[in-house]
Structures are given as C-alpha cells and as structure tokens.
Amino acid sequence: NTRMQTITCVSAIFIACLAICNAASSNFISNALGSNMVLQRSPSQAKLWGWTSSGAVTTVNWNGNQFKATADKSGLWTVVLPASPAGGPHKFQLTSSAGDSATLENILFGDVFFCSGQSNMEMTVNGAFNASAEIALANKYPNIRLFTANNAISATPVNKLTKPKQAWSVASSQSIQPSGGAPWKYFSATCWFFGRNVFDTNKVPLGLIASSWGGTYIQAWSSPDALAKCPSNLDLSDDEATTVSPFSSEESEFASPNQPSVLWNGMVVPFLPMTISGFVWYQGEANSGNAKFYRCAFPAMINDWRAKFSDSPFYFVQLSTWVGKDVNINIPALRDAQTAALALPRVGMAVAFDLGDAKSPLGVIHPRNKQEVGRRLALDALAIQYRKTVVYRGPTAVGANATSSSEGTVVTLKLDPQTTKSEIVQKTPQPCSNPINCKGAEIQGPDGKWVAAKIKIQGSQVTFTVSQKFTAKGVRYAYSAWPLNTIYNKEGLPMPPFTFNL
C-alpha cells in the first residue's frame with residue numbers, strides 16, 4: 001500500500017508538472033500575437049511577449065540578429081524590438097532555454113489600431129450596405145491584417161486572452177466574413193472601413209484589432225482606477241442607470257458582461273504589452289440613461305487607457321439615431337456627454353446622427369452605413385495623427401447671439417473658423433417616421449418651451465429664426481433621437497449637435 005501511495009504521489013506530481021510545462025509551452029507566444037500580424041512601425045518600438053519557465057531565457061532571431069529576455073517569476077518574458085520602418089514580410093524564430101520554440105511568419109511593420117465598444121462596433125461587414133461587394137473588395141487589401149478577440153469577462157485582470165474569435169489573418173473576403181458567418185462574429189464593419197480608408201491614403205500596412213461586446217456599459221470597459229475618478233458612479237443594478245441593450249434580456253444576461261471592469265480585465269488587459277498607434281471607439285447606447293456619469297467616465301477611461309495601454313490618439317463615434325421609449329431625451333443627452341472627450345488632446349469625433357436606418361434588418365439601433373462612419377473616423381485620423389491636409393469636421397458652432405428683427409427672433413451662430421474653410425450647404429433631412437423624435441433647429445422662449453426655427457445660410461454665416469419676438473433663453477440643433485439634420489459642408493460632414501444658453 002505504501003509503495004502504491006508513493007507511485008500515485010509521484011505520478012500526480014509528474015502530471016501536475018507536465019500540465020504546468022504544457023501551459024507555459026502553449027502560451028510561449030501570447031495569443032494576442034501570431035503569424036500574419038502587423039507590428040507597430042517606427043518611431044515606436046514593437047514588443048513580443050509570452051510565457052515560459054521562470055528564469056528561462058527567450059531568444060528572438062530576426063534578420064540575423066538576436067534579442068534576448070529572461071522570464072520573471074511568473075514566466076513572463078518580453079522582448080522589445082528595435083524601431084523598424086513600415087514594410088515586410090518578416091520572419092521571427094523564437095526559442096527558450098526551457099525548450100520552447102515557435103515561428104512567426106509573414107509579419108509586417110505598420111500601424112496598429114485597437115477598436116472597441118458595444119454592438120455598433122461588433123456589427124460585422126456582412127451587416128453593412130452592399131455587403132457582398134464590400135466583402136469581395138477585401139481581397140485587394142492583403143497589407144491590412146485582422147484580429148478579433150473573443151468575448152471574455154474576468155473579475156480580475158488577466159494576462160492571457162481566451163481563444164480568439166479570429167487569430168491574425170490577412171484581409172480577404174474569407175477573413176472579413178467567413179462563409180456562413182453570423183453578423184456578430186467577425187470582422188467589425190466600423191473598424192474595417194476606418195482602416196481601409198486610412199490605408200487608401202497612406203498605403204502603410206495596418207493591423208486592426210476588434211475587441212467589442214454588444215449591449216455593454218462603459219463601466220465594464222473601464223479599470224477600477226478610471227471608475228474611481230467619477231464619484232457619482234452608479235451601481236449597474238441602479239434603476240437610474242437604465243440599460244438600452246439592443247439584445248433580448250436573455251442574450252444580455254448571458255455571461256454577465258455588465259459588471260464594473262470585467263471587460264477591461266478580460267478583453268483589454270491582455271493587449272496592454274502591445275505597442276499600438278491609436279484607439280477607435282463606438283459605444284454609449286447602453287449608458288444613455290445616465291449622461292451625467294458618462295460625461296465624467298468617458299474622458300476618465302480615455303486618460304486611463306492612455307496611461308496603462310498606449311498614449312495614442314483616440315477616435316470615437318457620436319451616437320447615431322434611434323427610436324423608442326425615452327430615447328428622445330436620453331440619446332441626445334448622451335451625445336452631448338460624449339463631447340466632453342473633445343477637451344482632451346488628440347481626440348476625434350465622427351458625427352453619425354444623420355446616418356439613421358429605420359429599415360435595418362439588425363434593428364434601428366444598428367444603421368448599415370458603416371462605410372460613412374469609417375470614412376469620418378479615418379478623416380479624424382488623417383488630420384490629427386497623420387497631419388494630412390483634409391477637411392475632417394463639419395461646420396461647428398461654439399456659441400450664439402440672439403437679436404430681434406422684422407422677421408422675429410434671430411439667433412446667429414458663432415462658428416469655429418477652422419471648420420468654415422469649406423463651403424457650408426443645406427440639405428434635405430432624412431425622412432422622419434415620428435415627429436416626436438425628430439427635431440432640427442430650435443430656439444427656447446422665456447417660458448422654457450422650444451420653438452422650431454428656420455435655418456438660413458449665407459456664406460459662412462448661419463442663422464436660426466422664429467417668427468415670434470421674445471427674449472430667447474437658449475438655442476439648440478439636432479437635440480433629438482432622430483435629428484432633422486440639414487447643415488453640412490461640401491465634403492458631406494454634418495454640423496455636430498449643440499445646445500447653448502443665451
């Protein structure tokens with residue numbers, strides 16, 4: 001019996017050691033990395049990382065040079081590569097003194113973007129307009145590489161991803177949308193059209209990472225440090241923090257992603273060692289019942305991501321249209337709260353309230369024109385990050401003055417001169433199915449009621465007029481769930497929504 005117990009004990013120890021060794025070996029290279037990926041080009045320095053036995057030395061062989069790193073107590077090793085110009089393909093051969101080995105092939109250096117948010121980021125290319133043609137066109141972009149993280153929650157920060165939905169892949173009709181793929185699998189339409197537009201101008205390889213989950217709050221994507229910056233934060237079960245998930249209650253509750261920091265822990269932290277070029281964000285619908293909190297939480301999250309992940313430019317989509325209970329108040333308030341992020345440096349906003357899609361088969365909350373969303377995000381990046389001379393903002397109001405005239409009460413908008421260099425034009429608004437949800441230009445009277453105003457454009461001057469003569473208390477534009485948008489520049493960029501006291 002003693003001999004059998006000894007054999008059993010030794011066997012158990014052997015099996016445990018084997019499991020540990022296999023775990024280290026299977027994660028020798030982080031699964032956030034892989035063949036076909038894009039590493040961040042110079043002037044930044046890209047990193048490779050993974051896990052082996054504690055104290056083991058990992059050697060990276062590349063272009064006849066060797067780069068070494070010693071694993072820490074947890075087995076983590078990190079090799080910082082020399083800054084490298086855009087191009088490729090490259091091959092990396094990796095070995096460790098513990099006996100691990102791996103090869104990374106068909107690697108390009110270029111720019112890497114991290115795309116995140118909820119369902120409008122998760123929505124895939126086959127849900128966009130002209131999906132078949134767009135999917136086929138992907139074959140012409142082999143220098144764009146794609147990665148889609150799997151949905152994963154964690155109560156604590158984790159270093160390793162769950163198995164990705166899509167490991168690093170060369171862009172093609174199959175990797176953009178696999179045959180028979182569901183609309184929420186891969187690849188993100190917003191992220192793809194953003195990247196494709198950037199590539200068309202720069203011709204520099206791009207790595208696009210999609211890490212998103214539909215129906216999720218910003219709290220789930222924020223670290224505890226970021227949430228601590230906003231003392232008014234409500235518990236996610238609080239009745240005031242009304243969720244507006246596009247999914248059914250059964251789908252929303254599956255895996256419980258709506259808890260503080262669980263997606264930060266499970267879907268952002270594993271990427272923290274990576275060197276990237278910028279962030280792209282499309283989220284907010286789930287927080288539309290608590291705009292005051294979002295006004296604090298959104299900039300706090302951006303600052304925290306920059307501090308912990310990458311001090312990079314951040315581009316986001318201002319919420320599009322929606323119809324439904326309470327959204328006529330909640331959606332415009334959330335759009336306004338999103339603009340608090342524009343006070344931060346190197347932040348760009350793509351206005352999307354004019355892209356409503358009442359007939360979207362994925363639901364009215366999911367407009368199909370992600371091509372235009374991607375174009376507007378790309379214009380932000382080209383101007384802010386790549387210093388291209390492009391018009392990237394529509395005419396933007398920064399204040400207003402009210403006067404009386406023979407026509408009634410007239411409000412003259414004060415426009416940011418940097419946004420009036422392009423001709424301002426007026427267009428016919430998109431059809432409105434419910435007047436309660438559809439508003440355009442409005443002036444507030446002394447009784448607090450908002451009165452619809454006529455819009456007049458003369459050169460770079462924009463005025464709103466109502467026939468009544470009164471002391472105006474405020475002016476606003478597009479403050480509704482489904483705005484009657486009419487003011488653009490000739491590049492097709494709309495005037496952002498605004499509200500001013502007078």
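Reply: Happy to! Let's start with the link of cysteine 230 and cysteine 296, which is left-handed, with -95° about the S-S bond. Keep in mind that this is a predicted model, where local features need pLDDT of at least 70 and side-chain atom pairs count only at pLDDT 80 or more, while totals for chains, interfaces and linings use all residues. Residues are numbered from 1 along each chain as its sequence is written, and side-chain values use heavy atoms, with hydrogens and water left out.

The sulfur atoms of cysteine 230 and cysteine 296 lie 2.1 Å apart; a pair counts as a disulfide when its cysteine sulfurs are within 2.5 Å. (Helices, H or I of at least four residues, and strands, E of at least two, are DSSP runs numbered from the N terminus.)

Cysteine 296, at 27%, counts as partly exposed. (Buried is under 20% relative accessible area, exposed over 50%, partly exposed in between, with a 1.4 Å probe and protein chains only.)

The structure holds two disulfides, and the other pair to look at is cysteine 115 with cysteine 191, whose sulfur atoms are 2.2 Å apart. Here the torsion about the S-S bond is about 65°, so this disulfide is right-handed. It too links distant parts of the chain: cysteine 115 lies in strand E7 (residues 101-117) and cysteine 191 in helix H5 (residues 189-202), 76 residues apart. Cysteine 115 and cysteine 191 are both buried.

Now for the sheet. Four strands form an open sheet with antiparallel pairing, in the order E14-E15-E20-E19. (Two strands pair if DSSP finds at least two bridges between them.) Its edges are strand E14 (397-405) and strand E19 (454-458), each of which pairs on one side only. E19 is joined to strand E20 (residues 461-466) by five bridges in the antiparallel sense, and lysine 454 stands opposite threonine 465 in E20.
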